[in-house]
Amino acid sequence: MEMIDRYIYAVTQKLPHSQREDIAIELRGLIEDMIEERIGDGKITKKVVEEILLELGSPRKMAQKYRGTKKYVIGPELYDPFLIILKIVLLSTAGALGIVFVIQTVINPVEILDHFIGLIVALVTGIPQAVGWITLVFALVEYYGGVKTKELGLEKTWHPSMLSAIPDQKRRIKRSEPIVAIIFYVIVMVLFAFSSNFFGVYVFNESEFREVVPFLNEETFSQYMPFVLLLLAIFIVKECLKLISGKWTMKLVAYTLIINLLGIIVVSLLITGDAFWNPNFMSELIQAGVVAEGSEGYHIGESIWINSTRITVIILLVGLVWDTIEGLIKARKK
Amino acid sequence: MLLGVDNGMNEQEHIDKLMQELRRGTITIGVLSQLSSPQYGYSLVTILEEKGIRVEPGTLYPLLRRLEKQGLLDSSWDTNEARPRKYYVLSEMGKKVYEQLCEEWESIVKSLDGLIKKGDNKYGDD
(Lines give C-alpha, C1' and ligand atoms only; values in the text may rest on other atoms or scores of the structure.)
Protein backbone atom coordinates (compact mmCIF):
# COMPACT_ATOMS: atom_id res chain seq x y z
CA MET A 1 0.00 0.00 0.00
CA GLU A 2 1.52 3.23 -1.15
CA MET A 3 0.26 5.33 1.76
CA ILE A 4 2.15 3.13 4.23
CA ASP A 5 5.35 3.46 2.22
CA ARG A 6 4.94 7.19 2.19
CA TYR A 7 4.38 7.32 5.93
CA ILE A 8 7.42 5.20 6.71
CA TYR A 9 9.52 7.24 4.32
CA ALA A 10 8.34 10.49 5.91
CA VAL A 11 9.29 9.26 9.39
CA THR A 12 12.66 7.73 8.56
CA GLN A 13 13.64 10.74 6.47
CA LYS A 14 13.86 12.72 9.68
CA LEU A 15 16.06 10.17 11.45
CA PRO A 16 19.80 9.47 11.37
CA HIS A 17 20.90 7.21 8.50
CA SER A 18 22.14 4.48 10.78
CA GLN A 19 18.70 3.87 12.27
CA ARG A 20 16.54 4.29 9.19
CA GLU A 21 16.44 0.75 7.90
CA ASP A 22 15.81 -0.82 11.26
CA ILE A 23 13.03 1.55 12.17
CA ALA A 24 11.45 1.22 8.73
CA ILE A 25 11.13 -2.58 9.11
CA GLU A 26 9.84 -2.19 12.64
CA LEU A 27 7.27 0.42 11.68
CA ARG A 28 6.05 -1.63 8.73
CA GLY A 29 5.64 -4.64 10.99
CA LEU A 30 3.69 -2.53 13.46
CA ILE A 31 1.35 -1.12 10.85
CA GLU A 32 0.72 -4.56 9.36
CA ASP A 33 0.05 -5.97 12.83
CA MET A 34 -2.43 -3.19 13.49
CA ILE A 35 -4.17 -3.77 10.16
CA GLU A 36 -4.38 -7.49 10.78
CA GLU A 37 -5.87 -6.93 14.20
CA ARG A 38 -8.55 -4.72 12.75
CA ILE A 39 -9.67 -6.61 9.69
CA GLY A 40 -8.43 -10.15 10.28
CA ASP A 41 -8.34 -11.85 6.91
CA GLY A 42 -10.57 -9.21 5.30
CA LYS A 43 -9.59 -6.82 2.57
CA ILE A 44 -7.32 -3.87 3.29
CA THR A 45 -9.13 -0.64 2.63
CA LYS A 46 -7.78 2.84 2.37
CA LYS A 47 -9.99 3.88 5.24
CA VAL A 48 -8.47 1.35 7.65
CA VAL A 49 -4.94 2.41 6.74
CA GLU A 50 -5.83 6.04 7.20
CA GLU A 51 -7.31 5.36 10.62
CA ILE A 52 -4.19 3.52 11.73
CA LEU A 53 -1.83 6.21 10.46
CA LEU A 54 -3.91 8.86 12.20
CA GLU A 55 -3.61 6.84 15.39
CA LEU A 56 0.17 6.72 15.02
CA GLY A 57 0.27 10.47 14.58
CA SER A 58 2.08 12.78 12.20
CA PRO A 59 5.45 11.59 10.86
CA ARG A 60 7.09 14.63 12.36
CA LYS A 61 5.95 13.79 15.89
CA MET A 62 6.74 10.12 15.41
CA ALA A 63 10.28 10.94 14.30
CA GLN A 64 10.63 13.31 17.24
CA LYS A 65 9.76 10.49 19.64
CA TYR A 66 12.34 8.24 18.03
CA ARG A 67 14.98 10.93 18.24
CA GLY A 68 14.19 11.64 21.84
CA THR A 69 15.84 15.05 21.90
CA LYS A 70 14.86 18.19 20.10
CA LYS A 71 17.29 19.98 17.86
CA TYR A 72 17.55 23.72 17.58
CA VAL A 73 19.14 26.21 15.27
CA ILE A 74 18.73 28.73 18.07
CA GLY A 75 17.78 27.10 21.34
CA PRO A 76 15.59 28.41 24.16
CA GLU A 77 18.58 29.83 26.02
CA LEU A 78 19.68 32.02 23.14
CA TYR A 79 16.22 32.78 21.82
CA ASP A 80 15.60 35.85 23.98
CA PRO A 81 18.90 37.62 23.26
CA PHE A 82 18.40 36.67 19.61
CA LEU A 83 15.05 38.45 19.54
CA ILE A 84 16.44 41.49 21.36
CA ILE A 85 19.36 41.86 18.96
CA LEU A 86 17.16 41.21 15.96
CA LYS A 87 14.86 44.03 17.06
CA ILE A 88 17.74 46.41 17.76
CA VAL A 89 19.44 45.75 14.45
CA LEU A 90 16.24 45.90 12.40
CA LEU A 91 15.11 49.13 14.02
CA SER A 92 18.49 50.78 13.70
CA THR A 93 18.89 49.57 10.11
CA ALA A 94 15.51 51.07 9.27
CA GLY A 95 16.47 54.23 11.17
CA ALA A 96 19.81 54.49 9.39
CA LEU A 97 18.18 54.04 5.99
CA GLY A 98 15.79 56.82 7.00
CA ILE A 99 18.78 59.04 7.82
CA VAL A 100 20.30 58.19 4.43
CA PHE A 101 17.04 59.20 2.77
CA VAL A 102 16.98 62.53 4.62
CA ILE A 103 20.63 63.29 3.77
CA GLN A 104 20.11 62.39 0.12
CA THR A 105 17.04 64.61 -0.01
CA VAL A 106 18.92 67.51 1.58
CA ILE A 107 21.77 67.11 -0.89
CA ASN A 108 19.53 66.68 -3.90
CA PRO A 109 15.90 67.61 -3.24
CA VAL A 110 14.81 67.37 -6.86
CA GLU A 111 15.24 63.61 -7.01
CA ILE A 112 13.26 62.91 -3.87
CA LEU A 113 11.18 60.25 -5.63
CA ASP A 114 14.32 58.36 -6.66
CA HIS A 115 15.62 58.58 -3.10
CA PHE A 116 12.32 57.24 -1.84
CA ILE A 117 12.38 54.29 -4.23
CA GLY A 118 15.98 53.72 -3.18
CA LEU A 119 14.84 53.66 0.44
CA ILE A 120 12.18 51.03 -0.27
CA VAL A 121 14.61 48.90 -2.28
CA ALA A 122 17.21 49.17 0.48
CA LEU A 123 14.63 48.15 3.09
CA VAL A 124 13.50 45.16 1.04
CA THR A 125 17.04 43.93 0.34
CA GLY A 126 18.73 45.07 3.53
CA ILE A 127 16.37 43.71 6.17
CA PRO A 128 16.49 40.06 5.03
CA GLN A 129 20.28 40.38 4.91
CA ALA A 130 20.39 41.69 8.46
CA VAL A 131 18.10 38.87 9.64
CA GLY A 132 20.26 36.34 7.80
CA TRP A 133 23.54 37.49 9.31
CA ILE A 134 22.19 37.66 12.83
CA THR A 135 20.68 34.20 12.51
CA LEU A 136 23.96 32.84 11.18
CA VAL A 137 25.95 34.28 14.09
CA PHE A 138 23.50 32.95 16.66
CA ALA A 139 23.32 29.56 14.99
CA LEU A 140 27.12 29.34 15.21
CA VAL A 141 27.08 30.33 18.89
CA GLU A 142 24.37 27.72 19.52
CA TYR A 143 26.22 25.01 17.61
CA TYR A 144 29.64 25.50 19.15
CA GLY A 145 28.30 26.44 22.56
CA GLY A 146 26.23 23.24 22.62
CA VAL A 147 29.10 21.01 21.59
CA LYS A 148 31.34 22.42 24.29
CA THR A 149 28.99 21.83 27.21
CA LYS A 150 28.59 18.23 26.09
CA GLU A 151 32.31 17.62 25.66
CA LEU A 152 33.17 19.08 29.01
CA GLY A 153 30.44 17.00 30.59
CA LEU A 154 29.44 19.96 32.73
CA GLU A 155 26.01 18.57 33.43
CA LYS A 156 27.20 15.32 34.93
CA THR A 157 29.96 16.49 37.18
CA TRP A 158 28.19 19.56 38.41
CA HIS A 159 28.62 20.43 42.07
CA PRO A 160 27.15 23.32 44.09
CA SER A 161 30.67 24.51 44.80
CA MET A 162 30.98 25.23 41.08
CA LEU A 163 28.23 27.85 41.24
CA SER A 164 29.73 31.15 40.19
CA ALA A 165 29.03 34.12 42.39
CA ILE A 166 26.17 36.39 41.44
CA PRO A 167 28.00 39.01 39.41
CA ASP A 168 28.90 42.06 41.36
CA GLN A 169 27.12 45.18 40.21
CA LYS A 170 30.51 46.27 38.90
CA ARG A 171 31.00 43.09 36.91
CA ARG A 172 27.66 43.31 35.23
CA ILE A 173 27.32 44.77 31.80
CA LYS A 174 24.45 47.18 31.64
CA ARG A 175 22.16 46.12 28.85
CA SER A 176 21.98 49.66 27.54
CA GLU A 177 25.71 49.77 26.73
CA PRO A 178 25.85 47.05 24.07
CA ILE A 179 22.44 48.13 22.77
CA VAL A 180 23.56 51.71 22.18
CA ALA A 181 26.81 50.45 20.66
CA ILE A 182 24.97 48.15 18.26
CA ILE A 183 22.63 50.94 17.16
CA PHE A 184 25.64 53.21 16.59
CA TYR A 185 27.59 50.62 14.60
CA VAL A 186 24.58 49.74 12.44
CA ILE A 187 23.92 53.38 11.58
CA VAL A 188 27.58 54.01 10.72
CA MET A 189 27.64 50.81 8.68
CA VAL A 190 24.59 51.79 6.64
CA LEU A 191 25.92 55.31 6.04
CA PHE A 192 29.28 53.95 4.90
CA ALA A 193 27.60 51.41 2.68
CA PHE A 194 25.75 54.18 0.88
CA SER A 195 28.40 56.82 0.50
CA SER A 196 31.56 57.99 2.18
CA ASN A 197 30.39 61.48 1.17
CA PHE A 198 27.90 61.55 4.01
CA PHE A 199 30.78 62.20 6.38
CA GLY A 200 31.94 65.73 5.85
CA VAL A 201 31.27 69.43 6.30
CA TYR A 202 27.83 70.40 5.07
CA VAL A 203 27.96 73.76 3.33
CA PHE A 204 24.78 75.83 3.25
CA ASN A 205 24.19 79.05 1.37
CA GLU A 206 21.49 81.13 3.01
CA SER A 207 19.76 78.03 4.40
CA GLU A 208 19.98 76.32 1.04
CA PHE A 209 22.21 73.30 0.75
CA ARG A 210 25.19 73.66 -1.55
CA GLU A 211 27.60 70.77 -1.10
CA VAL A 212 29.43 68.43 1.21
CA VAL A 213 33.15 68.68 1.66
CA PRO A 214 33.95 65.05 2.52
CA PHE A 215 36.40 64.04 5.22
CA LEU A 216 37.33 60.86 3.43
CA ASN A 217 39.12 60.20 0.20
CA GLU A 218 36.35 59.25 -2.23
CA GLU A 219 38.64 57.66 -4.78
CA THR A 220 40.34 55.21 -2.48
CA PHE A 221 37.49 54.60 -0.08
CA SER A 222 35.78 52.03 -2.30
CA GLN A 223 38.82 49.80 -1.73
CA TYR A 224 38.67 50.28 2.01
CA MET A 225 34.94 49.90 2.33
CA PRO A 226 34.68 46.09 2.56
CA PHE A 227 37.20 46.09 5.41
CA VAL A 228 35.43 48.89 7.25
CA LEU A 229 32.06 47.12 6.93
CA LEU A 230 33.54 43.79 8.00
CA LEU A 231 35.20 45.38 11.00
CA LEU A 232 31.95 47.05 12.03
CA ALA A 233 30.14 43.71 11.66
CA ILE A 234 32.72 42.05 13.91
CA PHE A 235 32.25 44.82 16.46
CA ILE A 236 28.52 44.18 16.39
CA VAL A 237 29.21 40.50 17.10
CA LYS A 238 31.33 41.60 20.07
CA GLU A 239 28.48 43.69 21.45
CA CYS A 240 26.08 40.77 20.92
CA LEU A 241 28.37 38.55 23.00
CA LYS A 242 28.38 41.18 25.75
CA LEU A 243 24.61 41.34 25.69
CA ILE A 244 24.26 37.55 25.86
CA SER A 245 26.82 37.15 28.63
CA GLY A 246 25.45 40.02 30.74
CA LYS A 247 28.62 40.06 32.83
CA TRP A 248 32.34 40.27 32.31
CA THR A 249 33.98 36.86 32.30
CA MET A 250 37.48 35.83 31.32
CA LYS A 251 36.06 34.14 28.24
CA LEU A 252 34.34 37.34 27.18
CA VAL A 253 37.52 39.32 27.83
CA ALA A 254 39.40 36.89 25.58
CA TYR A 255 36.91 37.35 22.74
CA THR A 256 36.97 41.14 23.27
CA LEU A 257 40.76 41.14 23.23
CA ILE A 258 40.93 39.24 19.95
CA ILE A 259 38.30 41.41 18.27
CA ASN A 260 39.81 44.65 19.57
CA LEU A 261 43.32 43.63 18.50
CA LEU A 262 41.92 43.00 15.06
CA GLY A 263 40.21 46.39 15.23
CA ILE A 264 43.42 48.14 16.28
CA ILE A 265 45.35 46.54 13.43
CA VAL A 266 42.74 47.41 10.81
CA VAL A 267 42.24 50.96 12.09
CA SER A 268 46.00 51.55 12.19
CA LEU A 269 46.48 50.26 8.67
CA LEU A 270 43.55 52.15 7.20
CA ILE A 271 43.37 55.50 8.89
CA THR A 272 47.04 56.31 9.29
CA GLY A 273 47.68 55.90 5.57
CA ASP A 274 47.64 59.09 3.53
CA ALA A 275 45.03 57.78 1.15
CA PHE A 276 42.28 57.44 3.76
CA TRP A 277 41.53 61.09 4.40
CA ASN A 278 40.48 63.53 1.72
CA PRO A 279 43.82 65.03 0.55
CA ASN A 280 42.10 68.10 -0.90
CA PHE A 281 39.97 68.85 2.15
CA MET A 282 41.34 72.35 2.75
CA SER A 283 41.30 73.46 -0.88
CA GLU A 284 37.76 72.15 -1.26
CA LEU A 285 36.75 74.16 1.79
CA ILE A 286 38.15 77.24 0.06
CA GLN A 287 36.30 76.44 -3.14
CA ALA A 288 33.09 75.98 -1.17
CA GLY A 289 33.62 79.44 0.21
CA VAL A 290 33.79 78.37 3.82
CA VAL A 291 37.21 79.91 4.39
CA ALA A 292 39.43 82.21 2.38
CA GLU A 293 42.96 81.13 1.55
CA GLY A 294 45.63 82.61 3.78
CA SER A 295 43.13 84.07 6.22
CA GLU A 296 43.31 83.45 9.94
CA GLY A 297 40.31 81.16 9.68
CA TYR A 298 42.16 79.09 7.13
CA HIS A 299 45.09 78.44 9.43
CA ILE A 300 42.85 77.57 12.33
CA GLY A 301 40.83 75.27 10.07
CA GLU A 302 43.95 73.60 8.75
CA SER A 303 45.39 72.91 12.17
CA ILE A 304 42.04 71.57 13.37
CA TRP A 305 41.85 69.32 10.31
CA ILE A 306 45.37 67.94 10.70
CA ASN A 307 45.01 67.46 14.42
CA SER A 308 41.54 66.03 14.32
CA THR A 309 42.48 63.27 11.91
CA ARG A 310 45.26 62.31 14.29
CA ILE A 311 43.03 62.66 17.32
CA THR A 312 40.37 60.45 15.71
CA VAL A 313 42.92 57.70 15.32
CA ILE A 314 44.12 58.12 18.88
CA ILE A 315 40.59 58.15 20.29
CA LEU A 316 39.69 55.02 18.36
CA LEU A 317 42.81 53.18 19.52
CA VAL A 318 42.49 54.31 23.13
CA GLY A 319 38.81 53.33 23.08
CA LEU A 320 39.61 49.82 21.90
CA VAL A 321 42.43 49.38 24.40
CA TRP A 322 40.27 50.72 27.22
CA ASP A 323 37.38 48.43 26.27
CA THR A 324 39.69 45.45 26.76
CA ILE A 325 41.31 46.70 29.98
CA GLU A 326 37.94 47.61 31.48
CA GLY A 327 36.66 44.12 30.73
CA LEU A 328 39.73 42.55 32.27
CA ILE A 329 39.48 44.64 35.45
CA LYS A 330 35.78 43.92 35.85
CA ALA A 331 36.14 40.22 35.09
CA ARG A 332 38.74 39.86 37.86
CA LYS A 333 36.48 41.44 40.45
CA LYS A 334 34.99 38.85 42.73
CA MET B 1 -11.39 30.59 27.98
CA LEU B 2 -10.55 32.14 31.27
CA LEU B 3 -8.02 34.89 31.81
CA GLY B 4 -4.77 34.88 29.87
CA VAL B 5 -2.89 31.95 28.41
CA ASP B 6 -1.78 30.28 31.62
CA ASN B 7 -5.26 30.11 33.00
CA GLY B 8 -6.72 29.06 29.69
CA MET B 9 -6.67 25.35 30.50
CA ASN B 10 -9.83 23.78 31.81
CA GLU B 11 -10.06 21.06 34.42
CA GLN B 12 -9.87 18.21 31.96
CA GLU B 13 -6.81 19.64 30.23
CA HIS B 14 -5.00 19.93 33.54
CA ILE B 15 -5.85 16.35 34.37
CA ASP B 16 -4.71 15.15 30.94
CA LYS B 17 -1.41 16.94 31.22
CA LEU B 18 -0.68 15.72 34.74
CA MET B 19 -1.72 12.19 33.83
CA GLN B 20 0.63 12.27 30.89
CA GLU B 21 3.51 13.13 33.20
CA LEU B 22 2.44 10.49 35.68
CA ARG B 23 2.15 7.79 33.00
CA ARG B 24 5.51 8.50 31.44
CA GLY B 25 7.43 6.87 34.25
CA THR B 26 5.00 4.11 35.03
CA ILE B 27 4.90 2.89 31.43
CA THR B 28 8.61 2.09 31.62
CA ILE B 29 8.05 -0.11 34.69
CA GLY B 30 5.05 -1.69 32.98
CA VAL B 31 7.08 -2.48 29.89
CA LEU B 32 10.00 -3.94 31.86
CA SER B 33 7.60 -6.10 33.89
CA GLN B 34 6.39 -7.90 30.77
CA LEU B 35 9.76 -8.57 29.22
CA SER B 36 11.12 -11.47 31.22
CA SER B 37 10.20 -13.44 28.12
CA PRO B 38 10.79 -11.99 24.62
CA GLN B 39 8.01 -9.90 23.11
CA TYR B 40 7.76 -7.82 19.99
CA GLY B 41 6.31 -4.34 20.04
CA TYR B 42 2.75 -4.95 19.07
CA SER B 43 2.32 -8.05 21.23
CA LEU B 44 3.42 -5.88 24.13
CA VAL B 45 0.81 -3.25 23.27
CA THR B 46 -1.86 -5.97 23.36
CA ILE B 47 -0.64 -7.54 26.60
CA LEU B 48 -0.45 -4.20 28.39
CA GLU B 49 -3.86 -3.19 27.13
CA GLU B 50 -5.42 -6.43 28.38
CA LYS B 51 -4.04 -5.60 31.80
CA GLY B 52 -5.44 -2.09 31.71
CA ILE B 53 -2.35 -0.13 30.68
CA ARG B 54 -3.00 1.70 27.44
CA VAL B 55 0.15 2.58 25.54
CA GLU B 56 0.15 4.03 22.08
CA PRO B 57 2.45 2.16 19.67
CA GLY B 58 3.89 5.52 18.71
CA THR B 59 5.12 5.86 22.29
CA LEU B 60 6.05 2.26 22.95
CA TYR B 61 8.23 1.60 19.90
CA PRO B 62 10.61 4.51 20.47
CA LEU B 63 10.65 3.66 24.20
CA LEU B 64 11.75 0.09 23.47
CA ARG B 65 14.58 1.35 21.29
CA ARG B 66 15.67 3.77 23.96
CA LEU B 67 15.69 1.10 26.64
CA GLU B 68 17.69 -1.14 24.34
CA LYS B 69 20.19 1.63 23.70
CA GLN B 70 20.51 2.16 27.45
CA GLY B 71 21.34 -1.53 27.82
CA LEU B 72 18.23 -2.53 29.77
CA LEU B 73 16.88 -4.64 26.90
CA ASP B 74 18.37 -7.06 24.41
CA SER B 75 16.86 -7.46 20.99
CA SER B 76 16.84 -9.99 18.20
CA TRP B 77 15.16 -10.15 14.83
CA ASP B 78 12.91 -13.11 14.10
CA THR B 79 12.67 -13.57 10.37
CA ASN B 80 10.89 -16.92 10.39
CA GLU B 81 7.41 -15.46 10.62
CA ALA B 82 5.32 -13.83 7.90
CA ARG B 83 7.03 -10.52 8.57
CA PRO B 84 10.30 -9.81 10.35
CA ARG B 85 9.79 -8.90 13.99
CA LYS B 86 12.11 -7.42 16.52
CA TYR B 87 11.87 -9.21 19.86
CA TYR B 88 12.92 -7.46 23.04
CA VAL B 89 13.81 -9.13 26.33
CA LEU B 90 15.28 -7.91 29.64
CA SER B 91 19.07 -7.91 29.70
CA GLU B 92 20.95 -8.95 32.85
CA MET B 93 21.22 -5.33 33.86
CA GLY B 94 17.58 -4.80 32.92
CA LYS B 95 16.50 -7.52 35.34
CA LYS B 96 18.38 -5.92 38.21
CA VAL B 97 17.10 -2.47 37.34
CA TYR B 98 13.55 -3.78 37.14
CA GLU B 99 13.78 -5.44 40.56
CA GLN B 100 15.13 -2.25 42.06
CA LEU B 101 12.42 -0.21 40.35
CA CYS B 102 9.73 -2.49 41.79
CA GLU B 103 11.01 -1.85 45.29
CA GLU B 104 11.08 1.88 44.67
CA TRP B 105 7.57 1.70 43.30
CA GLU B 106 6.29 -0.16 46.34
CA SER B 107 7.74 2.46 48.60
CA ILE B 108 6.22 5.28 46.55
CA VAL B 109 2.81 3.62 46.70
CA LYS B 110 3.14 3.13 50.44
CA SER B 111 4.20 6.71 51.05
CA LEU B 112 1.52 8.18 48.84
CA ASP B 113 -1.14 5.97 50.36
CA GLY B 114 -0.05 7.33 53.69
CA LEU B 115 -0.55 10.82 52.37
CA ILE B 116 -3.82 10.58 50.51
CA LYS B 117 -5.59 8.04 52.71
CA LYS B 118 -4.65 9.84 55.90
CA GLY B 119 -7.44 9.65 58.45
CA ASP B 120 -10.93 10.35 57.30
CA ASN B 121 -10.47 11.46 53.76
CA LYS B 122 -13.64 13.18 52.66
CA TYR B 123 -12.76 12.83 48.96
CA GLY B 124 -12.03 9.15 48.62
CA ASP B 125 -13.75 6.20 50.20
CA ASP B 126 -11.92 3.59 48.20
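Predicted model: local features only at pLDDT ≥ 70, side-chain atom pairs only at ≥ 80, totals over all residues.
## How the two chains meet

Let's start with the overall extent of the interface. On one side 16 residues of chain B take part, and they are in contact with 18 residues of chain A. The size of an interface is often given as the accessible area lost when the parts come together. Here the area buried between chain B and chain A is about 1,600 Å², and carbon and sulfur atoms give 52% of that. Within chain B, the residues that lose the most area to chain A are Y42(B), R65(B) and R83(B), which together account for 38% of what that side buries.

## Charged and polar links

Seven salt bridges are counted between chain B and chain A. One to look at is R65(B) with D22(A), where the closest N and O atoms are 3.3 Å apart. Between chain B and chain A there are also nine residue pairs in polar contact, both residues being at pLDDT 80 or more.

Which elements of chain B give two or more residues to the side that touches chain A? They are α3 (57-69) and β3 (85-90) of chain B. The most comes from α3(B), with seven residues. By type, the residues on this side of chain B divide into eight nonpolar, six charged and two polar.

## A nonpolar patch on chain A

Turning to chain A, you can find a nonpolar surface patch of about 550 Å² made by I314(A), V318(A), V321(A), W322(A), I325(A) and I329(A).

Note on methods: Residues numbered from 1 in each chain as written. Chains lettered and ligands numbered in written order. Heavy atoms only, no water. Patch = residues over 30% accessible without salt bridge, like charges linked within 9 Å, V, L, I, M, F, W, Y side chains within 5 Å. Areas by Shrake-Rupley, 256 points an atom, 1.4 Å probe, with all protein chains shown as cover. Salt bridge = Lys/Arg side-chain N within 4 Å of Asp/Glu carboxyl O. Contact = heavy atoms within 4.5 Å. Buried area = accessible area lost by both parts, 1.4 Å probe. Polar contact = N/O pair within 3.5 Å; in protein donor to acceptor, adjacent residues only side chain to side chain. Helix = DSSP H or I, 4+ residues; strand = E, 2+ residues; numbered from the N terminus. Nonpolar A, V, L, I, M, F, W, Y, C, P; charged D, E, K, R; others polar.
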